[in-house]
Amino acid sequence: MNKKVFLSGVQPSGKPHIGNYFGAMKQFVDLQNEHDGYVFIADYHALHSLRNPKEMNENIKNILLDYLAIGIDPKKVTFFKQSDISEHTELTWIFDTITTMPFLMRAHAYKDAEAKNKEIDVGTFNYPVLMAADILLYSPDVVPVGADQKQHVEIARDIAEKFNSTYGETFKLPNSKIMKDMAIVLGTDGRKMSKSYGNTIPLFAEYEEIKKCVMSIVTDSSGGIPQNVFAIHRLFRPEAELNKIYKEKSGKYKDLKEMLVEDMEKFIAPLRERRKEFAKDIPKALAILKAGSEKAKKVASKKMEEVREKIGVQVY
Ligand code: ADP
Ligand code: TRP
């Protein structure tokens, strides 16, 4: 029986935090046992905010180590780099010619940038189209992403439908997959955990850093149960256990935070150690990525041949 296929991309945008892990990264590890998978480093996506070549280069290597450390298995998942596969940008152009401006103006990323009166580059405007090409080249059944990316997967679906109705059945329609309980992980200030809010807890934090982050969680003094602490704690211990403990220790914020520090350390320490192991041999890690890109290239170039045939540019 053919396994279902999942695909997702991750931007090399700095240190991952536990929101990224529970909202997105973890799903890939869970899915790889029952699915064939594609996971790629979306370096071309990151270009619109990352224009320092040295930082880009380092971030790519760092995210490679991050994913190997959380348990992405290159035997089960084709793990590759977007910029190695020129078909992504090639297909973007073809999609651009069947996608209207008003349609893309509905995308959240564009609307947010516009609301902030930012000068918007064409790349940011076109971001969902590149993402559609990323997805559709590999015919995945599911695209695991955080809730904020759901709209982009829907746009990919719409673009696939438009292409199919214009040129004939070519692309499989993808579905997004959002982890229900974990859809939004909250940060130390109670807002959504995000690098741009400075309220994150790094996934590979050392013990002291975990402690510092947890101690900085803003506690509300109503009702004796610190909601912000609880919201993060439930990622590391079953909620039923926590309900009991938080009732018993009502009002004792320091005790509860100390317990969270220990629970987090238990979870993070093995990941942190695995990452250190991979970091000892960067060329080996890079060879894994390169082999993944070679595999992905075969799939993408085959799909592009079909696309060129369908749009009529194939004459030889
Ligand atoms: P950030 O907001 O920190 O810049 P990104 O935008 O780089 O994070 O998100 C990378 C991935 O992690 C996306 O799939 C996104 O949906 C997911 N993600 C980010 N923050 C959270 C969060 N607080 N809770 C759940 N998922 C998240
Ligand atoms: N835009 C996604 C993010 O910021 C990353 C991404 C790029 C992606 N291409 C993708 C995710 C294709 C899923 C499928 O997180």
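Among what covers the buried residues of helix 9 is helix 12. The model is predicted, and its protein chain is divided into domain 1 (4-183 + 282-311) and domain 2 (195-276).

**Helix 9**

- Helix 9 spans residues 207-215, and its buried residues are I210, C213 and V214.
- Viewed down the helix axis, these residues fall within an arc of 95°, so they line one face of helix 9.
- E208 and K212 are exposed and sit on the face of helix 9 turned away from its buried side.

**Helix 4**

- In helix 4 (residues 87-96), the buried residues are E87, H88, L91, T92, I94 and F95.
- Their arc around the axis is only 165°, which puts them on the same side of helix 4.
- The cover over the buried residues of helix 4 includes strand 3 (77-81), helix 7 (122-136), helix 8 (150-167) and helix 13 (282-311).

**Domains**

- The centres of domain 1 and domain 2, taken over C-alpha atoms, are separated by 31 Å.
- In the contact between them, 18 residues come from domain 1 and 16 residues from domain 2.

**The second largest pocket**

- The volume of the second largest pocket is about 280 Å³.
- Its lining consists of 19 residues, and those nearest its centre are K15, P16, D66, F204 and R275.
- Helix 3 (53-70) and helix 12 (253-279) are the elements that give two or more residues to this lining.
- By class, the lining of the second largest pocket holds 8 nonpolar, 4 polar and 7 charged residues.

**Buried loop residues**

- P12 is in the loop between strand 1 (4-10) and helix 1 (18-31).
- The relative accessibility of P12 is 1%, and the cut-off for buried is under 20%, so P12 counts as buried.
- Leaving aside neighbours within four places in sequence, P12 is in contact with I41, A42, D43, A46, L50, M56, N59, I60 and I63.
- From P12 to V29 the distance is 18 Å, C-alpha to C-alpha, and the two residues are 17 residues apart in sequence.
- T188 belongs to the loop between strand 5 (175-177) and helix 9.
- With a relative accessible area of 8%, T188 is buried.
- Not counting residues up to four places away in sequence, T188 touches N199, I201, C213, S216, I217 and V218. Of these, C213 is one of the buried residues of helix 9.

**Exposed residues**

- V122 is placed in helix 7.
- Is V122 buried or exposed? Its relative accessibility is 66%, so V122 counts as exposed.
- V122 and G198 are 76 residues apart along the chain, and their C-alpha atoms are separated by 28 Å.
- G223 is found in the loop between helix 9 and helix 10 (227-233).
- G223 has a relative accessible area of 70% and is exposed.
- Between the C-alpha atoms of G223 and K290 there are 54 Å, with the two residues 67 residues apart along the chain.

- N117 has a phi near 55°, a positive value in a residue other than glycine.
- N117 lies in the loop between helix 6 (108-115) and helix 7.
- The relative accessibility of N117 is 72%, so N117 counts as exposed.
- S139 also has a positive phi in a residue other than glycine, with a value near 50°.
- The loop that holds S139 runs between helix 7 and strand 4 (142-144).
- S139 counts as partly exposed, at 23% relative accessibility.

Note on methods
Residues numbered from 1 in each chain as written. Chains lettered and ligands numbered in written order. Predicted model: local features only at pLDDT ≥ 70, side-chain atom pairs only at ≥ 80, totals over all residues. Heavy atoms only, no water. 1 Å grid on protein atoms, 1.4 Å probe; cavity = no way out; pocket = protein on both sides within 12 Å on 5 of 7 lines; lining within 4 Å. Points joined across faces, edges and corners; volume = space filled by probe spheres on them. Helix = DSSP H or I, 4+ residues; strand = E, 2+ residues; numbered from the N terminus. Nonpolar A, V, L, I, M, F, W, Y, C, P; charged D, E, K, R; others polar. Buried < 20%, exposed > 50% of the residue type's maximum accessible area, 1.4 Å probe, protein only. Arc of directions from axis to C-beta. Contact = heavy atoms within 4.5 Å. Domains from an automatic or database assignment.
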